[in-house]
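Q: Can you go through this one with me? I have the sequence and the 3D view open.

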Amino acid sequence: MKKILMAAALLLSVVAMTGCFGKSSENPLIKGVIGQWHLKSSPLINDDTADRIDVYVEFKEDNTFDIYQKDMATPIYYNHYSGTYLITDKIITGKYSDGKSWGAADGYQASINMAGQLTLTNVNLTDDVSVYEKATIPQDVIGGSTRSAAVDETSHRFL
């Protein structure tokens, strides 16, 4: 009987330790990016373009995303893009719903600072840095003034 109790106690210890180790290996970036973000800075935003470029992105738990983007080609309304993303270590990669990769072919180095800003740096072009802040996407952006858009080679994609 003592052997059975000792074996049970040992088994419980192993299960408990395995659960603790499993949690410590979880990538904090995965949970950190989930939510809605608003673009605050980008190499494409300057005094001449600030009123014509605006981007919101939502990263969802199911590894899908929605981008609402007003840009130089469509400064009056937002285009809606969707797709899937993957986080491996500190790199975020993604594909639009039509299968095309978003902006950086090899992904973006991602970090979230203490102020809650998400910084995305193009892996291949380190001067291509965009900074996002947590923000609720306004309802008029989501439904009122948007149109779904196909991704084509002339579309500028901020991700």
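Q: Is Asp 89 buried or exposed?
A: Asp 89 counts as exposed, at 61% relative accessibility. Keep in mind that this is a predicted model.

Q: Where does Asp 89 lie?
A: Asp 89 is in the loop between β4 (78–88) and β5 (91–96).

Q: What about the phi of Asp 89?
A: The phi of Asp 89 is positive, about 55°, although Asp 89 is not a glycine. Most residues other than glycine have a negative phi.

Q: Which loop has Asn 63 in it?
A: Asn 63 is found in the loop between β2 (54–59) and β3 (64–70). Asn 63 also has a positive phi, near 65°, and is a residue other than glycine. Its relative accessible area is 31%, so Asn 63 is partly exposed.

Q: How are β2 and β3 arranged?
A: β2 and β3 pair in the antiparallel sense, over six bridges. They form a hairpin with four residues between them, and Asn 63 is in the turn.

Q: Which residue in β3 stands opposite Phe 59?
A: Phe 65 in β3 stands opposite Phe 59. Phe 59 in β2 also has Gly 35 opposite it.

Q: How many bridges join β1 to β2?
A: Four bridges join strand β1 (residues 35–41) to β2, and the two strands run antiparallel.

Q: How many residues of β2 are buried?
A: Five of the six residues in β2 are buried, so the strand is mostly covered. Phe 59 is buried, with a relative accessible area of 1%.

Q: Switching to rings. How many aromatic pairs does the structure hold?
A: The structure holds seven aromatic pairs. One of them is Phe 59 with Trp 102, which is edge-to-face: 6.4 Å centre to centre, with 85° between the planes.

Q: Why does that pair tie together separate parts of the sequence?
A: Phe 59 lies in strand β2 and Trp 102 in the loop between β5 and β6 (108–112), so the pair ties together parts that are 43 residues apart in sequence. Trp 102 is buried, with a relative accessible area of 1%.

Q: Which residues form the aromatic cluster?
A: Phe 59, Phe 65, Tyr 81, Tyr 85, Tyr 96, Trp 102 and Tyr 108 form one aromatic cluster.

Q: New topic. How many salt bridges does the structure hold?
A: The structure holds one salt bridge. The side chains of Asp 66 and Lys 60 meet in it, at 2.6 Å from N to O.

Q: Is Asp 66 buried or exposed?
A: Asp 66 is buried, with a relative accessible area of 9%. Lys 60 counts as partly exposed, at 30% relative accessibility.

Q: Last one. Where does Thr 119 lie?
A: Thr 119 lies in strand β7 (residues 117–122).

Q: Why does Thr 119 count as buried?
A: Thr 119 has 19% relative accessibility, and buried means under 20%, so Thr 119 counts as buried.

Q: What is Thr 119 in contact with, leaving aside its neighbours within four places in sequence?
A: With those neighbours left aside, Thr 119 is in contact with Gln 109, Ala 110, Ser 111, Val 129, Ser 130 and Val 131.

How values were computed: Residues are numbered from 1 along each chain as its sequence is written. This is a predicted model: local features need pLDDT of at least 70, side-chain atom pairs count only at pLDDT 80 or more; totals for chains, interfaces and linings use all residues. Side-chain values use heavy atoms; hydrogens and water are left out. A salt bridge is a side-chain nitrogen of Lys or Arg within 4 Å of a carboxyl oxygen of Asp or Glu. Buried means under 20% relative accessible area, exposed over 50%, partly exposed in between (1.4 Å probe, protein chains only). Rings of Phe, Tyr and Trp (its six-membered ring) pair if their centres lie within 6.5 Å; planes under 30 degrees apart count as stacked, over 60 as edge-to-face and the rest as tilted. Contact means heavy atoms within 4.5 Å. Two strands pair if DSSP finds at least two bridges between them.
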